[in-house]
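My entries follow in the order in which I made them.

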Amino acid sequence: MLLPKKWLCEYVDFNCTDAEFVEKMMWRGFELADIRSELPGVEGVVVGKLLSVVDHENSDHLHICTVDVGRDEPLTIVTGADNVHGGELVPVALVGAKLDGHVMEPVNMRGVMSYGMLCSGKELGLTDADY
């Protein structure tokens, strides 16, 4: 049976690494075949709410987004995606996030600093069947 660890965490606080979790569960008589990542190669991606989306004045295809990711201040993220609109919930790779071995860093995009990246399903390793 596959059981999401985050479901268990709703009932019990597991303050340990995955390896420690496996060892503790096995010592208590539970068999664990393995622990799988939901999105292998993806770390540091959160859900953000697009507060605003405006066209970049120095580009004909870039947009400047203000994104609430649950921090004190919203982030500015520049994107080339043309299917983004204010009010949407979107996956956001924060600075320091890892996507298939690449680490996200702040970047200057035509004079505007971007502090993250809006992620497509493909960038997260998802297929149409995952939706």
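**Strand pairing around β4**

I began with β4 and strand β5 (residues 102-103), which pair in the antiparallel sense over 2 bridges. I take two strands as paired if DSSP finds at least two bridges between them, and the helices (H or I, at least four residues) and strands (E, at least two) are DSSP runs numbered from the N terminus. This is a predicted model, in which local features need pLDDT of at least 70 and side-chain atom pairs count only at pLDDT 80 or more, while totals for chains, interfaces and linings use all residues. Residues are numbered from 1 along each chain as its sequence is written, and side-chain values use heavy atoms, with hydrogens and water left out.

I then followed β4 to its other partners. Strand β1 (residues 42-55) runs antiparallel to β4 (residues 89-99), and 7 bridges join the two; in this pair V45 stands opposite A93. Strand β8 (residues 116-118) also pairs with β4 in the antiparallel sense, over 3 bridges, and here G116 of β8 is the bridge partner of L94.

Is H63 buried or exposed? H63, which lies in strand β2 (residues 63-68), counts as buried because its relative accessibility is 15%. For this I use relative accessible area with a 1.4 Å probe and protein chains only: buried is under 20%, exposed is over 50%, and partly exposed is in between.

Which side chain does H63 join in a polar contact? The side chain of H63 meets that of D55 at 3.0 Å, where a polar contact is a pair of N or O atoms within 3.5 Å; within protein, one must be able to donate a hydrogen and the other to accept it, and residues adjacent in sequence count only if both atoms are side-chain atoms. Leaving aside neighbours within four places in sequence, I found H63 in contact (heavy atoms within 4.5 Å) with residues including V53, I77, T79 and D82.

L75 is found in strand β3 (residues 75-79), and L75 counts as buried because its relative accessibility is 11%.

**W7 and V12**

W7 lies in helix α1 (residues 5-8), and at 49% relative accessibility W7 counts as partly exposed. V12, in the loop between α1 and α2 (18-27), counts as partly exposed at 43%.

**The second largest pocket**

What lines the second largest pocket? I listed T79, A81, N83, V84, E88, V90, P91, L118, C119, S120 and E123. On a 1 Å grid over the protein atoms alone, a pocket is an open set of points where a 1.4 Å probe fits, with protein on both sides within 12 Å along at least five of seven lines, and lining residues have an atom within 4 Å of a point. The lining residues divide into 6 nonpolar, 3 polar and 2 charged, with Ala, Val, Leu, Ile, Met, Phe, Trp, Tyr, Cys and Pro counted as nonpolar, Asp, Glu, Lys and Arg as charged, and the others, Gly among them, as polar.
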